[in-house]
Structure formats: C-alpha cells, structure tokens
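Please look through the sequence and the structure first.

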Amino acid sequence: MAFQKPPGTQDILPAAAGKWQYVEEKARDLCRRFNYRELRTPIFEATELFQRGVGETTDIVEKEMYTFTDRGNRSITLRPEGTAGTMRAYVENKLYGEPDIAKLYYIGPMFRYERQQAGRYRQFHQFGIEALGSDSPALDAEVIALAYTFYQEVGIKGVRVEINSVGTPAIRAAFRDELLGFLRPKRELLCKDCQSRMDRNPLRVLDCKVDQHHFEGAPSILDSLDDACREHFEQVQRSLEGMSIPFSINPRLVRGLDYYTHTAFEFKAEGIGAIDTIGGGGRYNGLVEDIGGPNQPGVGLAIGLERTVMLMQEQEEELAKRQRLDVYMVALGEQAEQHASGVLYALRQAGLSAERDYQSRKMKAQLKSADRLQASFTAILGEDELAKGEIVLKTMATGEQQTVPLTELAAVVQQLREQTLEGEV
Ligand code: AMP
C-alpha cells in the first residue's frame with residue numbers, strides 16, 4: 001500500500017514552490033527595510049512554555065497541541081505558534097540586556113490539531129515579527145504597517161485592517177463581568193461554541209460569526225478603557241494615519257490568544273471559503289514576565305503563509321521569469337555527451353542555471369525539454385563543433401544562432417543575457 005501524507009498537511013510541489021520562495025523573500029526583504037532580524041528557534045519546546053505563554057484556556061492549549069513524551073520522559077510540544085518560543089529565546093539569551101530594543105522575525109512551520117478545511121491545516125507556516133522592549137504606540141503601528149505592506153507587495157487585493165484596544169488585564173476582567181451580565185440571559189440562544197466560550201473566555205464570544213445578531217447592544221470594551229489605554233489607542237491611530245495605512249476600528253475584535261494588552265489587530269481578505277482572517281497580532285505587555293522573564297513590553301504579529309499564497313494574484317509573469325533556465329545544453333553523439341558535463345559545469349560555476357539531457361534522447365526530444373524549461377538559450381554540441389572546440393548557441397527569443405568557442409560560452413551567454421535584460425526594462 002502506498003503511503004499518504006497525514007491529514008491536514010500539504011506537499012508543496014516544485015511547481016508551487018516558486019510562489020513560496022517569492023513570498024518568503026518578500027518577507028525577508030521587508031524585515032530588512034524595517035530593521036527586524038531573524039531568529040530561528042526549535043520546532044519543539046517544553047509543553048509548559050505554551051501552557052504559560054499561549055494560555056491554558058485557549059483553544060490551542062486545550063485541544064490543538066501535538067504533545068508527546070520524549071525518551072527522556074519530558075513533555076514536548078510541536079510549536080503551535082511562534083511567539084512563545086521567541087519569548088523563551090529572548091529571555092534565555094538575555095536579548096533584553098542590549099541597548100536597543102529587540103526587533104525579531106521568524107518564518108517556519110507551526111502545528112495545530114485543527115479541523116481541516118480550505119485554508120486551515122495541521123501543519124501550516126507563519127511569518128511573524130516581534131518587537132520587544134518598548135511600549136511606544138508607534139511600534140504597534142509599525143508592526144501593522146509592515147504587515148500591510150507585505151500584503152500589498154505580494155499582490156493581495158482588498159486587504160482590510162481592523163484594530164481594537166483590549167485594555168489591560170484588570171480592565172478586561174471588569175469588562176468580562178459586564179459582558180457576562182449581558183450574555184447570560186441570551187445563553188440558550190447562542191451556538192454551542194459561544195456557550196462553551198462563555199465559561200472559558202467570554203470576550204471571544206463577540207468574535208462568533210453566526211451569533212452576531214444576538215450581540216446588538218452588547219457593551220463595548222472601548223467604553224471601559226482608562227485614560228492611559230485610550231491615549232495609547234489614539235496614538236496608534238495617529239501613527240497609522242501618518243503612514244496613510246487605512247484601518248477600521250472593530251470593538252468586538254479580541255484575538256484567540258489570552259496575552260494581548262492594548263492593541264489587537266487583524267488583517268482580513270475574501271476568497272478562502274469561510275475563512276477571512278489572514279493575519280493578526282497585538283501588544284502583549286505581560287507575556288515576557290509570564291514566562292519567567294523581566295517585565296518587558298512587546299508587540300507582534302503572525303501572518304499565515306498558506307493563506308497568503310492562496311490569495312496572491314498577478315505574480316505569474318514575474319514568477320515565470322524567475323524560474324526560467326538560462327541554458328539548455330543539447331549534446332549529440334557519444335563524444336559530445338561525454339564532454340557535456342564539463343561544459344555544463346563551467347556554465348554553472350559562472351553563475352548561470354544550466355541543464356542537459358540525461359536520457360540519451362534524440363535532438364527533437366531534447367529541444368522540447370529546453371522549451372518546457374523556458375530556456376533563454378540552447379547550446380548545441382555536435383561532433384563537428386566539438387572537434388573544433390566550438391558550440392552552437394541559439395537565443396530562443398529571436399531564433400538567432402552563432403558559433404562560439406567552448407571556452408567563451410559562459411561569457412557570451414552572460415553578455416547576451418545582460419543585453420536582453422536591459423531590453424526588457
Ligand atoms: P493565530 O496565531 O491563530 O493568530 O494565526 C495567525 C495567522 O496564521 C492566521 O491569521 C492565519 O493566516 C494563520 N493560521 C492560523 N492557524 C492556521 C491553520 N490551522 N492553517 C493555516 N493557517 C493558519
């Protein structure tokens with residue numbers, strides 16, 4: 001019996017990998033421009049880190065973690081998100097001791113045992129950033145701006161930015177009681193999820209997609225904010241306006257995770273079945289302390305890459321160009337075939353992408369491969385040319401052919417390539 005991938009996982013095949021590379025390169029380039037530096041942490045961590053860092057009452061910790069006992073009898077969990085591991089590394093490596101604030105990013109797989117649906121997987125990938133060591137509202141706005149720019153630059157249309165303030169833990173606790181007062185009489189009308197959330201994490205009830213019509217007149221957390229929280233939220237908005245980032249305020253937005261303080265935000269877009277959230281984050285001023293570190297504020301965000309890749313448009317031409325092969329080498333006859341590897345290697349050493357035939361196929365079949373690989377040039381090595389130390393070079397776009405000394409092949413291809421690149425500008 002042939003094996004199949006586990007439910008909720010994906011093979012990213014070579015035909016799709018170009019898109020992934022494009023997205024990842026965009027993420028890295030944006031981080032360079034915004035001065036965030038990469039942090040690579042383990043894929044698995046002590047289970048307790050997530051219990052403390054993500055929160056005991058969250059869906060993730062309650063029912064979605066891949067947890068196992070290793071051979072040393074430790075409870076280990078495959079990371080369900082990137083923030084807890086980042087905090088752990090920040091504390092363990094004392095990054096808080098440096099004069100500048102820590103601006104970090106990560107890209108990698110996350111694991112949650114979730115119900116599979118379009119845009120929801122059990123192994124998925126996130127690009128996330130975390131800025132630690134400052135409670136400036138300008139930093140909240142910067143994090144939002146980075147994500148907004150990311151979606152713009154990878155070509156996702158119609159992205160909406162929603163922001164909210166969830167205050168401090170004390171404000172949330174008081175608001176929770178007020179909200180429960182409003183929800184209790186409606187309990188029987190609400191969906192099963194909401195009923196269970198009422199017991200565990202009532203703020204998240206307002207997030208429910210199906211019950212919105214029951215929430216008219218619900219108290220708004222924005223009315224519960226104290227002056228300091230209101231001021232922070234105001235300044236985040238002013239900073240966003242200063243960067244011309246469009247946003248709307250959604251007072252019902254609370255995130256799935258417990259640790260947010262002040263700013264919470266989400267990015268939404270249509271086009272993936274029932275799912276519309278493509279990224280989100282917020283400020284988490286108590287989190288570093290919660291996992292045993294010093295009292296350092298932070299703000300961060302995570303972007304789902306599967307959803308990004310699904311929604312990307314209009315990059316086909318750019319992606320095709322990037323995947324084009326420079327030279328396909330056609331070798332005809334036994335002697336030429338023997339020389340082919342050396343010629344090919346010289347091209348590759350010169351920085352060009354080059355391929356040949358390894359199946360001793362006829363010329364026509366080899367030329368078809370060159371077409372499939374969208375080779376910019378075909379180099380044809382026959383016995384006659386070989387005897388003279390030459391090779392025939394064909395520019396595929398124009399059909400022009402020239403005979404070139406073998407020793408100069410790479411240089412000539414480079415030169416022609418630069419000319420055509422200039423021509424495209
Ligand atoms: P969260 O850590 O839950 O706030 O998720 C941040 C982003 O990661 C979401 O907006 C999604 O884009 C993505 N994401 C979260 N869970 C999944 C999943 N199971 N499958 C695919 N993407 C996900």
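The sections below cover the model, the ligand, the cysteines and one aspartate.

## Basis of the model

This is a predicted model, in which local features need pLDDT of at least 70 and side-chain atom pairs count only at pLDDT 80 or more, while totals for chains, interfaces and linings use all residues. Residues are numbered from 1 along each chain as its sequence is written, and side-chain values use heavy atoms, with hydrogens and water left out.

## The shell around the ligand

There are 14 residues around the ligand, and Arg 112, Glu 114, Tyr 121, Arg 255 and Ile 278 come nearest. A residue is near a molecule if one of its heavy atoms lies within 4 Å of it. By class, five residues of the shell are charged, five are polar and four are nonpolar. In this scheme Asp, Glu, Lys and Arg are charged; Ala, Val, Leu, Ile, Met, Phe, Trp, Tyr, Cys and Pro are nonpolar; and the others, Gly among them, are polar.

Three strands, β6 (123-132), β10 (275-283) and β11 (298-304), each supply at least two residues of this shell. The largest share, three residues, comes from β10. Strands are DSSP runs (E, at least two residues) and helices are likewise DSSP runs (H or I, at least four), both numbered from the N terminus.

## Polar atoms at the ligand

The side chain of Gln 126 has an N or O atom 3.0 Å from an oxygen atom of the ligand.

## Cysteines

With a disulfide taken as a pair of cysteine sulfur atoms within 2.5 Å, the count comes to zero. Cys 208 is in no disulfide, and the nearest cysteine sulfur, that of Cys 194, is 3.5 Å away.

## Asp 357

Asp 357 sits in the loop between β13 (354-356) and α13 (363-372). Asp 357 is buried, with a relative accessible area of 4%. Leaving aside residues up to four places away in sequence, Asp 357 touches Tyr 328, Met 329 and Gln 366, where contact means heavy atoms within 4.5 Å.

The side chain of Asp 357 reaches the backbone nitrogen of Gln 359 at 3.2 Å. A polar contact of 2.7 Å links the side chains of Asp 357 and Arg 361. A polar contact is a pair of N or O atoms within 3.5 Å; within protein, one must be able to donate a hydrogen and the other to accept it, and residues adjacent in sequence count only if both atoms are side-chain atoms.

How values were computed. Buried means under 20% relative accessible area, exposed over 50%, partly exposed in between (1.4 Å probe, protein chains only).
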